[in-house]
Structures are given as C-alpha cells and as structure tokens.
Amino acid sequence: MRIVPELDLTAHNTFGLKSRAAYGARITSLDQIVALRAFAAEQRLPLAVIGGGSNVLLREEIDSVVALMTTKGRSILGLDKDRVLVRAMAGEDWPDLVAWLVGQGIGGLENLSGIPGTVGAAPVQNISAYGVELAERFHSLTAYDRVEDVLVTLDRDACGFGYRHSIFKATDRYVILDVTLSLPRPWKPVIGYKGLETLSGRPDADAVMKRVLELRREKLPDWRLIGNAGSFFHNPVVAASVAARIPDAPRYPQGDGRIKLAAGWLIEMCGLKAAREGSAGVHDDHALILVNHGGATFSDVARMAARVREAVNARFGIELVQEPRTI
C-alpha cells in the first residue's frame with residue numbers, strides 16, 4: 001500500500017468536483033485498512049472511505065486520510081430451493097455485479113441495474129429502484145469495526161435499513177469489506193413499477209435489466225457526460241395531513257399512514273429547473289438532480305442545494321434532506 005500525500009480525488013467522484021485529501025491510498029485488503037487506520041491516528045486525522053464516489057460531495061480540501069476501496073472478488077456461495085447466496089467484495093462495481101449475475105441466469109438484482117457505485121456503498125444508501133430495495137435482497141455483510149478493532153458480521157436487522165438509510169449513514173464506525181446477498185428462488189420478475197409494465201408475457205431477468213437500463217438512460221443524465229451524483233435529495237415522507245396541503249403533488253402511500261412525495265416535482269414547482277449557482281445547477285429535465293456544468297466547486301453545489309431547500313421549505317413547508325454524503 002502506498003500512502004499518497006495531497007491525493008487528488010477529482011477523478012474519484014462522479015460529480016467531477018475538484019478535490020484533494022491530506023493523504024490517501026488504494027485499499028486491496030483488510031490489512032491495509034487496519035494499517036491506514038493506524039496511520040490516520042498517528043496523523044490525528046479522521047479516516048474516510050470512498051468507493052466509486054457516486055454518492056459523495058467532496059470538499060476542495062479534505063483534512064482526512066482517504067481510503068479508496070478497490071477490493072475485488074465475487075462468488076456464488078450456494079443455493080437451495082428458496083435462495084441463492086452471492087458474496088462480493090466491497091470494491092466490486094455494482095452494475096458489473098448485477099450484469100454478471102444476470103449473465104449467470106441468476107435474477108433478483110436486475111431492477112437495481114445501472115446504479116453507479118460499488119458493492120460496499122450499496123448497503124450504506126440501501127439503494128432502491130424500480131420497485132426493489134437492496135434490503136429485500138440482503139443477507140449479511142462483513143465489516144471492520146474501527147472502535148473494537150475486530151471483524152464483525154452484521155445481518156439485515158443490525159444494519160438498520162430504512163428508506164435510503166442505514167446505520168452506516170449515522171456512524172463511521174464500520175468499514176464494509178464484503179456483502180452477501182440472498183436472491184429469491186424461484187425467481188419472479190418485479191415489473192409493477194411505472195415503465196416496466198410495458199414488458200409483456202413472462203420476461204426473463206435479462207429483459208428486465210435491459211428495460212431498466214433503457215429507463216435510466218431516458219431519465220437520468222450520464223455522469224460521464226455531465227457530473228452528478230444522481231438524486232440529490234430524498235423524496236420526503238410526510239404525514240397525510242401535510243400531503244393533503246399539496247393535492248397536486250405526486251404521492252406514494254407508505255402503508256403506515258404517511259405519504260412519500262416527489263421531491264423533483266416540489267423543486268420544479270418552485271421554478272428551479274435549470275437554475276444555476278456558478279457552474280452548478282439543477283438539471284434541465286430532471287429537477288431532483290444537481291449537476292456540474294463544468295468547473296463547479298463544492299461551494300457552487302452547496303449554494304445551489306441551499307437555494308433549493310430554502311425555496312421548497314418556503315413554498316411547501318417541507319425540509320428536503322440531502323442524499324449524497326459530504327466529505
């Protein structure tokens with residue numbers, strides 16, 4: 001492991017923000033994580049972990065030691081009549097894992113295809129798309145406990161999954177090393193989500209994956225062409241009485257009396273589509289996504305995000321919560 005001072009992270013975040021860490025290193029094994037933790041302690045700096053950089057907002061100067069998680073490896077552990085168990089290392093690319101499984105004839109993750117990022121980042125965000133949530137396909141994970149200096153195995157309950165949430169968002173105690181997924185047998189397509197109902201007959205996992213990828217290309221800007229971190233705000237989940245004050249807002253009942261509202265619609269109703277702050281802005285077609293038009297700084301994005309939150313709160317009395325993690 002080579003620890004690099006003044007590590008340039010500009011190429012390690014999908015927002016394309018110019019950023020530099022005090023120190024950083026690529027991690028390919030547990031031993032390296034332990035060593036980098038010790039180095040960070042010696043420097044009296046925090047240790048931050050980045051996977052694919054797809055759900056982070058990086059400051060220009062990060063006074064931390066940054067671990068770039070690049071561990072590789074994936075395998076099918078076994079199967080029985082009810083499930084297939086699959087394990088992948090944290091540094092594996094998530095879209096590649098999904099495509100690999102579908103190519104093996106194993107379904108269950110195809111609705112989550114095309115989501116940028118690594119396997120280790122997927123539980124942090126509890127990624128969800130097109131009617132499927134990671135928690136529904138999750139078995140367990142192995143993590144390094146930085147407090148106790150031991151390896152731990154955390155099951156679904158221990159991870160505290162919620163809507164776009166897990167315990168890993170509330171604490172940096174754990175470094176995720178690998179994830180084990182439990183994929184259902186017999187497999188059945190999940191095609192009730194809008195856009196997937198066009199799949200006729202009995203589509204296989206490959207057909208569902210291809211349709212999901214088409215929908216993502218139609219709806220979402222490619223971060224390789226225009227920097228972004230996907231959805232920048234959570235869709236707010238509010239009491240029914242709050243939702244009733246906004247009768248035209250797209251809504252999704254949650255089964256507990258609360259209503260999830262479409263944050264993109266709220267932002268659009270505030271007239272903020274295509275709005276800009278410096279070189280950061282709201283996407284022209286998808287108001288839930290903030291983008292880097294080229295040369296945007298962390299400050300540009302922070303100002304744009306604050307402007308959106310203030311406008312939505314002023315008009316609708318709803319506080320939007322930022323989705324990407326700030327480092």
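Tutor: What follows is a walk through the aromatic pairs, with a few words on other local features at the end. Please keep in mind throughout that this is a predicted model. The count of aromatic pairs comes to 7, and one of them is formed by Phe-15 and Phe-232, whose ring centres lie 6.3 Å apart with 85° between the planes, an edge-to-face arrangement. This pair links distant parts of the chain, since Phe-15 sits in the loop between strand 1 (4–8) and strand 2 (20–27), while Phe-232 sits in the loop between strand 13 (227–231) and strand 14 (237–239), 217 residues apart. Phe-15 counts as buried because its relative accessible area is 0%, and Phe-232 is likewise buried at 0% relative accessibility. Another edge-to-face pair is that of Phe-168 and Tyr-174, with 6.2 Å from centre to centre and 85° between the planes; both Phe-168 and Tyr-174 are buried.

Turning to the backbone, the peptide bond from Arg-185 to Pro-186 is cis, with omega near -5°, and Pro-186 belongs to the loop between strand 12 (174–184) and helix 6 (205–219). Asn-126, in the loop between helix 3 (121–125) and strand 8 (128–129), has a positive phi, near 45°, although this residue is not a glycine.

Note on methods
Residues numbered from 1 in each chain as written. Predicted model: local features only at pLDDT ≥ 70, side-chain atom pairs only at ≥ 80, totals over all residues. Heavy atoms only, no water. Phe/Tyr/Trp six-rings, centres within 6.5 Å; stacked < 30°, edge-to-face > 60°. Helix = DSSP H or I, 4+ residues; strand = E, 2+ residues; numbered from the N terminus. Buried < 20%, exposed > 50% of the residue type's maximum accessible area, 1.4 Å probe, protein only.
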